[in-house]
Structures are given as structure tokens and as C-alpha cells.
Amino acid sequence: MDAKITIKFLGAAGSVTGSKYLIKAAGKQILIDCGLFQGLKELRDLNWEEPPLKVAEIDLVLLTHAHLDHTGYLPRLVSMGFKGRVLGTAPTLAITEIILKDSAKIQEEDAARANKQGYSKHKPAKPLYTLLDVERTIAYFSSQPLDVWVDLYPGIRVRFNYNGHIIGATFIELEVEGKTLVFSGDIGRENDMLLYPPHLPKQADVLLIESTYGNRLHPAVDTELELKNIIWEVWQKEGPLIIPSFAVERTQSFLFLLWKMKQKNSLPDIPIIMDSPMGRSVLNIFHHAPEWHKMSPEECAEMCKNIKVVKSIAESKSAVNTPGPKIIIAGSGMVTGGRVLSYLEKHLDDPDATILLIGYQAEGTRGRQLQEGAQELKMFGRYFPVRATVKNMEGLSGHADQGELIRWLGKLTKAPESIFIVHGELPAAEALRNKIKEVYGWEATLPALYSIHEV
């Protein structure tokens, strides 16, 4: 049998999206993550192209966590002939099912709207995949334990390790005939509001490490005080506070923070509305996976009593049109789609409205455009002027910053033979490579998209 191990970088190489790494070893082909490209049009277009691999020959997919840029390509893979198993932790697979169904539903709705209003260049516009494709994909899911070595094939085993970031998230150790490959996935914060600190790898012959915030440190600010000031400003302006939120983790963290603040009577009596079917479903997973997070079942139940959860389109329309101060939490977090667009359509040109960005905004997304001071935003085939106040809070980020990424490497007993820096825009990846060299003296590679490396 060929002892050679190769890695093909099919995504998140030179960008922060589309994570996919194909491992060929011991006669098997294993895909680590299967993410959708988001953001820049030239990246999104890659989702529609035929990938440079034989899909039917992939034996297995291993998922680090459930976010769309790590799982969103799965239905496409299945429609192209993949018939292997998809392995991840129980919360990861439960959330992946929610996210994929939501993604397919949004794509179907967007295609239908584009065809009805005629603003797509494609005739007809089609979704990348459908709800039926997602149902077929879910049939391949296989839940795996945490912190336990699992034999996959002769000479190949895997272990999923707690990694913070979102509920269910892991870094993956893949052992191939005695050589250990570590895939960081997305690394969480050391002092997250809801999640425990990430575990640290102790051995890695080959290491792939994310670099989302590889060139910056999160500001040392009082997040609660910052949010309190923003909400009181909104109350005085009598306008809405619109928070495009990631349905997994950031929504729950934000609700938890608001609940704690309400317990202290530090907020005005302002309505809190969660308009996110996905966020509602993920809250249920929090209820059923208490070992993954810090929140007690009692706290979870109490927190939910303090919010208005939108359950229908009619309720959503009512929330959009109801005047007065209110806090609206709606997906998607990077403003790429979802119900938040309806609120922005109504309030983007309202000087009394405030838009609060609380997570990473990838290049090419509407969220990044707002973050960088865009004067107008394109939605539904039209341009809308931006007159609302736009604010940004980094204190609620679920991604490790440069210091935390460097410390995540601190328990490795020896230098890896190969380090690949992935899942970051070029300045972030380069900065992390330089910092790793400075602190540990280790060399690292920035792989190009579709490049193949023997390890």
C-alpha cells in the first residue's frame, strides 16, 4: 500500500471561507469539512463549478463544526455522487441539519423571487441545492463521541476534541499509520461567555490552523458596558436596534448577555425580538446538550422568557412594521440573506435606526460593506441608501484572536513537520505565520487554492 499522504486544499486557502481539505492516505480519500464559499462573487461562483476531484471516490467526510462555510457544500457533494458517511459530534450534526435546511430554503426562495422580479442574469435562476437534496444528505450522518479514538479503517483512526467556538465544535486528530494530522477547525475564545475554553493539541506531525483573526487582538473592552450604552442611545432615539446575528452561538450568547443585564435592571424596558427560525432551533439543542456549555437548564429557560420569539411570517412582518424602540436579532450574521434583510429594507435609510455587527464579516459580504462605511447596499436587485447608524462590537466574537491562536499551540511537545495556515484572508494568514515563527521558531506554509502537498 502507498505510504504517501497528500492534502489537497479545496477551500479556505487564501480566504476565510469554503473549508475543504482532501486527504489521500492508505488507499482512502477523506474530506475534512465540506464548506460553502461565501462573500466575494468570484468565491461564490466556485460553488457552481465542478470541483477538481472524483466525488464518488471520497470515502468519508469529517466535520469540525456546523457553520455553513464548513458544511454548506454537503448537499452539492451528495448530488454529485458522494455515498460515504459524514462524521461529527451529535450537536454538530444536529445543527448542520438545521443550517442546511435553512440554506436550501433561502436559496429556493431567492431563486423564486429572482425569477418573479426578473433581476437574475440566469434564466431561470436556480438554487445550488434544494430541501430534497438536504434530506438525502442527512441520511449519511453518523454521530461520534468526544475525546475518544475511533477506528475508521486499518491504520486510520480519528478523535474529535472540544474546541469552543460554537456548541459541538471540535478540532480533529486524524492518525494515519502512526502519523498524526491535526485540523484546527475554528478555534474558540479562552473566556467565552457560554462555552468552555478550547482543549489544546499535544501532538501534531501535520497541522492545519485557522487564521481568521491571525493579525489582530480582540479589544480589551467592557462588552456589557458598551452594549448598555448602545441600547440606551437606541432608546433615546426611539428607533430599532437591528442585530444581524449568527444563529449558532452568537445569538445565544447575545441573548444570555441581555438577560444578565435585565437581571441587573441596567436596561430600559425595551422589547427583545428574535426573528430567526434557526436560532430558535439551536436554542433547543442548548437545552438538550448541557455538557457542552456553561448555561444551566434553569438559566436557559429563564432567558427564553425575556424574549419574543417570532414564529411565523405574519409575526415577522408585524415586527418589521411596528414603530418605536426595539431590539431585533435576526439572521444572517454577515447579512448575506435571511430575515434581517426585511428589517434592513425597512430601516436602512432611517437615521433613527442602529445596526450592530457582532461577528466576523467576510470580504465581499453586505456585513463587511456596512462595517467599512458603505453609503448604499444592494438587496433584492436594488440599491438602498445607508442612513442608519452602524456600530461594531468585537467583544462577542467566537473566534480566537492572534494571542489565543498562538497559545493554542503551546502544549505541542515538538515542532510539527508541516504547518499550513488556512481559513484567513492573506494579511491575517501572513501575520500569523510571522508570529508563529517569532514565538516558536517554526516555519509555516500558506497553501494556494487547489494546491496539493505531500506530508
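Buried residues are those under 20% relative accessible area, exposed residues those over 50%, and partly exposed residues those in between (1.4 Å probe, protein chains only). The legends below describe a predicted model, in which local features need pLDDT of at least 70, side-chain atom pairs count only at pLDDT 80 or more, and totals for chains, interfaces and linings use all residues. Residues are numbered from 1 along each chain as its sequence is written, and side-chain values use heavy atoms, with hydrogens and water left out.

View A. A salt bridge is a side-chain nitrogen of Lys or Arg within 4 Å of a carboxyl oxygen of Asp or Glu. Glu438 is exposed, at 58% relative accessible area, whereas Lys435 is partly exposed, at 25%.

**View B. Arg159 and Glu173 form a salt bridge.** The N to O distance is 2.7 Å. Arg159 belongs to strand 8 (residues 156-162) and Glu173 to strand 9 (residues 170-176), and the two are 14 residues apart. Glu173 is buried, with a relative accessible area of 5%, while Arg159 is partly exposed at 23%.

**View C. Arg216 and Glu394 form a salt bridge between two loops.** The closest N and O atoms are 3.8 Å apart. Arg216 lies in the loop between strand 11 (206-210) and helix 6 (223-237), and Glu394 in the loop between strand 19 (389-392) and helix 13 (402-408), so the pair ties together parts that are 178 residues apart in sequence. Arg216, at 33% relative accessible area, is partly exposed, and Glu394, at 22%, is partly exposed.

**View D. Glu97, Lys101 and Glu135 are linked in a network of salt bridges.** The count of salt bridges in the model comes to 22.

**View E. Helix 4 (residues 90-117) crosses helix 8 (residues 277-288).** Their axes, lines fitted to C-alpha atoms over the stretch in contact, come within 10 Å and cross at roughly 165 degrees. The two helices are therefore roughly antiparallel (an angle over 145 degrees). Contact, meaning heavy atoms within 4.5 Å, is made by Pro91, Ala94, Ile95, Ile98, Ile99 and Asp102 of helix 4 and by Met278, Ser281, Val282 and Ile285 of helix 8.

Notes
Axes fitted to C-alpha atoms, helices over the stretch in contact; angles between N-to-C directions. Helix = DSSP H or I, 4+ residues; strand = E, 2+ residues; numbered from the N terminus. Parallel < 35°, antiparallel > 145°, perpendicular 65-115°, else oblique.
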